[in-house]
Amino acid sequence: MKLQKHPVLEVCGLTKKWNNFTLEDINLSLPEGYIMGLIGKNGAGKTTLINCIMNGIRKSSGRIWINERDYRSLAAKEEIGFILDPGPFFDHKSLLDNGRLFGRFYPAWREDIFIRYLRTFELISDACYKDLSKGMKTKFQLAFALSHKPKLLIMDEPTGGMDPIFRRDFYALLQDLINETNAAVLISTHITGDLDRIADFITMLDDGKLVFTMTKEELIDRYPIIRGSKEDLPLIREGRPLRTRKTDTGFETMLEDISFLDKHYELKERVLLSRANLEEIMYFFSEPLLYEGGVL
């Protein structure tokens, strides 16, 4: 893990009501040079949070800072780069024309840097935006974002629906660029396997509430999967188990308080602890949508 640096993104007490949905008291911090993965089920509030950061949606409370500036200021908005699906670019204009048109909104935008990134990503500057594949559009948006030197890159499902080879190449490229520019990156994605490889921090939302925000290493160390026999299930209640699933031989779960096992040596010797990936952590932290025979 890299040395701690000053936060590029700070969200403090953010609450936003939208129809029948409420994003409630969200607090998180993302330092420069780091990647934060934003996870949660559909409807958890990930896109609402991104919209609040990017657009300053009205009727919200709390505070957001971008590189130590109030997010509502023009200077703060100029610090944000984005990769969204769909992007806001003009379908029937060329990549170069799109860059020039949208680049006018960013004083730091440089056409020479933009063209250099287009060449790096093997994109033709006079190609029409609508003729690009989904992967090429993602690379174009990254080229545009990097050409105005943002301190914060926001990505909403940047590689959704793309093959694993493209995703690996894209994220390897992204990590190289972060090392070069020291930008911070917030990525919302359902592909948790990608975040297993590249994320430094993980933030999870569920039903508009913040479940956790911490480093990936801290998260995985704190919440191993625990497997045990049916006889041991009542004994772990004191450790505040999360979602618990029946298995052929007993149960599997995670404990809100893993230190409970350190106080019960014999129980710790009987159960099996294994390292979880992010998909498993997200499963155990999410409430079942309905009762199933396999969920206790």
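The protein carries 41 positive and 44 negative side chains, and the centres of these two sets lie 5 Å apart; here Lys and Arg count as positive and Asp and Glu as negative, while His and the chain ends are not counted, and each charge is placed at NZ of Lys, CZ of Arg, CG of Asp or CD of Glu. The model is a predicted one, in which local features need pLDDT of at least 70 and side-chain atom pairs count only at pLDDT 80 or more, whereas totals for chains, interfaces and linings use all residues. Residues are numbered from 1 along each chain as its sequence is written, and side-chain values use heavy atoms, with hydrogens and water left out.

Taken along the principal axes, the C-alpha atoms fill a box of roughly 70 × 40 × 40 Å. The protein has 10 helices and 14 strands, these being DSSP runs numbered from the N terminus (H or I and at least four residues for helices, E and at least two for strands). Its accessible surface comes to about 14,900 Å², of which 50% belongs to carbon and sulfur atoms; the areas come from the Shrake-Rupley method with a 1.4 Å probe, and for residues only the protein chains shown count as cover. Of the 296 residues, 49% count as buried, where buried means under 20% relative accessible area, exposed over 50%, and partly exposed in between (1.4 Å probe, protein chains only). Among contacts (heavy atoms within 4.5 Å) between residues at least 6 apart in sequence, 67% join residues at least 24 apart.

The largest nonpolar core holds 64 residues, and Leu9, Ile53, Leu142 and Leu152 are the members that touch the most others; such a core is a set of buried Ala, Val, Leu, Ile, Met, Phe, Trp, Tyr and Cys residues joined through side-chain atoms within 4.5 Å. Another core, of 19 residues, lies apart from the largest one and has Ile39, Met204, Ile225 and Phe285 among its members. When residues up to four places away in sequence are not counted, leucine 142 touches Ile83, Phe121, Leu153, Met155, Phe170, Leu173, Leu174 and Leu177. Threonine 138, found in helix 5 (residues 134-146), is buried at 5% relative accessibility, and under the condition that residues up to four places away in sequence are not counted, threonine 138 touches Ile83, Pro158, Met162 and Phe170. Helix 1 (residues 46-55) is mostly covered, seven of its 10 residues being buried, and these are Lys46, Thr48, Leu49, Ile50, Cys52, Ile53 and Met54.

Threonine 22, which is found in strand 2 (residues 21-31), counts as partly exposed at 27% relative accessibility. With residues up to four places away in sequence not counted, threonine 22 touches Thr15, Lys16, Lys17, Asp207 and Gly208, while its C-alpha is 21 Å from that of glycine 37, a residue 15 places apart in sequence.

The count of salt bridges comes to 18, a salt bridge being a side-chain nitrogen of Lys or Arg within 4 Å of a carboxyl oxygen of Asp or Glu. In one of them the side chains of arginine 167 and aspartate 194 meet at 2.9 Å, N to O. This pair links distant parts of the chain, with arginine 167 in helix 6 (residues 164-181) and aspartate 194 in helix 7 (residues 192-198), 27 residues apart. Arginine 167 is buried, with a relative accessible area of 14%, and aspartate 194 is likewise buried, with a value of 1%.

A salt bridge also joins arginine 222 to glutamate 218, with 2.5 Å between the closest N and O atoms. Both residues lie in helix 8 (residues 216-222), four residues apart, or about one turn of the helix. An α-helix has 3.6 residues a turn, so residues three or four places apart point the same way. Arginine 222 is partly exposed at 34% relative accessibility, as is glutamate 218 at 33%. For the salt bridge between arginine 245 and glutamate 252, the closest N and O atoms are 1.9 Å apart; arginine 245 is partly exposed, with a relative accessible area of 31%, whereas glutamate 252 is buried, with a relative accessible area of 6%. Finally, Arg63, Asp70 and Arg72 are linked in a network of salt bridges.
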